[in-house]
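Subject: Structure handover and notes

Hello,

Please find the structure below, handed over for your use. My notes on what was found come after it.

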Amino acid sequence: MVDGFVDTPRFRLIEAPPLARFVLRAPDAALKAAGKAYGLALPEGLNQGASHGERGKPGARVALHLGPDEWWLIVPEAEGPEVAAALEAALASHPHSLVEVSHRQVGFVLEGEGAAALLNAGCPLDFSEQAFPPGMATRSLFHRVGLMIWRMAPGLFRLEIDRTLAPYFVTALAEAAKDHS
Amino acid sequence: MLLIRCPWCGMDRPEIEFRHAGAAHITRPGPPDRVSDEEWAAFLYLRDNPKGRVAERWRHVHGCGRFFNAVRDTVTDVFVVTYRAGEPRPPESAPPETLPPETRP
């Protein structure tokens, strides 16, 4: 969908491979059990992201703490069912909700030294490294589209956008990229 | 663009991430079988419209998703203070004459 849309020496937009996504709503008391079953400790600080492994490769795990009791869990597509089963088993004694939202969103990677400046074309957040350090993840807006922004490194952003709104986002980003070329 | 401090995220965020959600600290009367039509109408429809500092509900809808309360000045649009839903309105956020009589110093 995005091939060649935004591809310059200063930044590049790549579509993520198919992934399984879950929204976990759970109290703090359930965190330890959930992290153990998931294979990655869920970040306790709000608006923090954690990961290990390589995106889309077997064993990769992503956990994003986006609301006071809300975590997004992203794993390779094939591992979705087993992760869900493991979490449900581990959380049986805690009140919680675990909802699969794999196909609700599409994932993107925006990388390059100009990535933050390009995002600022539609997102009013402060992307200086003091205000938005690597490891921070949050929901925000890009023009009229809600999106999730996770900064993995100074020039590396992982984005999640609702599937039906992704074409709008990609086109708007490509339009903004013209100002930077 | 205004910056609004989300008491859950603990940081200043752009105003377009937020939604206004009406007056704060409105208590629902009850139990329902003992509430008069007048009381119920007042709960549903009657609101103060003061000039100055008002307590409002806001939601960080394009962020952490949580509701919180904010004291805002309707004249200057300054957000005096924000605090989590369920917490009492900080007394220092309002000039004494605007507080309900029973809470005035």
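Predicted model: local features only at pLDDT ≥ 70, side-chain atom pairs only at ≥ 80, totals over all residues.

Residues are numbered from 1 along each chain as its sequence is written, and chains are lettered from A and ligands numbered from 1 in the order in which they are written.

Helices (H or I, at least four residues) and strands (E, at least two) are DSSP runs, numbered from the N terminus. Two strands pair if DSSP finds at least two bridges between them. A residue is buried if 20 or more other C-beta atoms lie within 10 Å of its own, exposed if 12 or fewer, and partly exposed in between, with C-beta atoms placed from the backbone.

Chain A: domains

Where they touch, seven residues of domain 1 of chain A are in contact with nine residues of domain 2 of chain A; contact means that the C-beta atoms of two residues, placed from the backbone, lie within 7 Å. On the domain 1 side of chain A, strand 2, strand 3 (48–52) and strand 4 each give two or more residues. The residues on that side divide into three nonpolar, three polar and one charged. Here Ala, Val, Leu, Ile, Met, Phe, Trp, Tyr, Cys and Pro count as nonpolar, Asp, Glu, Lys and Arg as charged, and the others, Gly among them, as polar.

In helix 1 (residues 31–38) of chain A, the buried residues are Ala34(A), Gly35(A) and Tyr38(A). They cover an arc of only 100 degrees around the axis, so they lie on the same side of helix 1 of chain A; the arc is that of the directions from the helix axis to the C-beta atoms. Among the elements that cover these buried residues are strand 2 (19–25), strand 4 (61–67), strand 5 (70–76) and helix 2 (80–90) of chain A. Just after helix 1 of chain A comes Gly39(A), with a positive phi of about 90 degrees.

Asn47(A), at about 65 degrees, sits in the loop between helix 1 and strand 3 of chain A, and is buried, with 23 other C-beta atoms within 10 Å. His143(A), at about 50 degrees, belongs to the loop between strand 8 (137–142) and strand 9 of chain A, and is partly exposed, with 14 other C-beta atoms within 10 Å.

Chain A: strand 10

Strand 10 (residues 156–162) of chain A is mostly covered, with five of its seven residues buried. Strand 7 (residues 105–111) of chain A pairs with strand 10 of chain A in the antiparallel sense over seven bridges, and Gln105(A) has Asp162(A) as its bridge partner. Strand 9 (residues 145–153) of chain A is also antiparallel to strand 10 of chain A, over six bridges. A hairpin of two residues joins strand 9 to strand 10 of chain A, and Ala153(A) stands opposite Leu156(A).

Chain B

Chain B has one helix and six strands, in the pattern β-β-β-α-β-β-β along the sequence. Of the 105 residues in chain B, 20% are buried.

An open sheet of four strands in chain B has the order 3-4-5-6, with antiparallel pairing. Strand 3 (19–23) and strand 6 (79–84) of chain B are at the edges, each with a single partner strand, so one side of each has no neighbour in the sheet. Strand 5 (residues 67–73) of chain B is joined to strand 6 of chain B by five bridges, and Ala70(B) has Thr82(B) as its bridge partner.

Gly30(B) and Pro31(B) are joined by a cis peptide bond, with omega about -5 degrees. Pro31(B) is in the loop between strand 3 and helix 1 (37–45) of chain B.

Contact of the chains

Eleven residues from chain B and 13 residues from chain A make up the contact. On the chain B side, the residues divide into six nonpolar, three polar and two charged.

Regards
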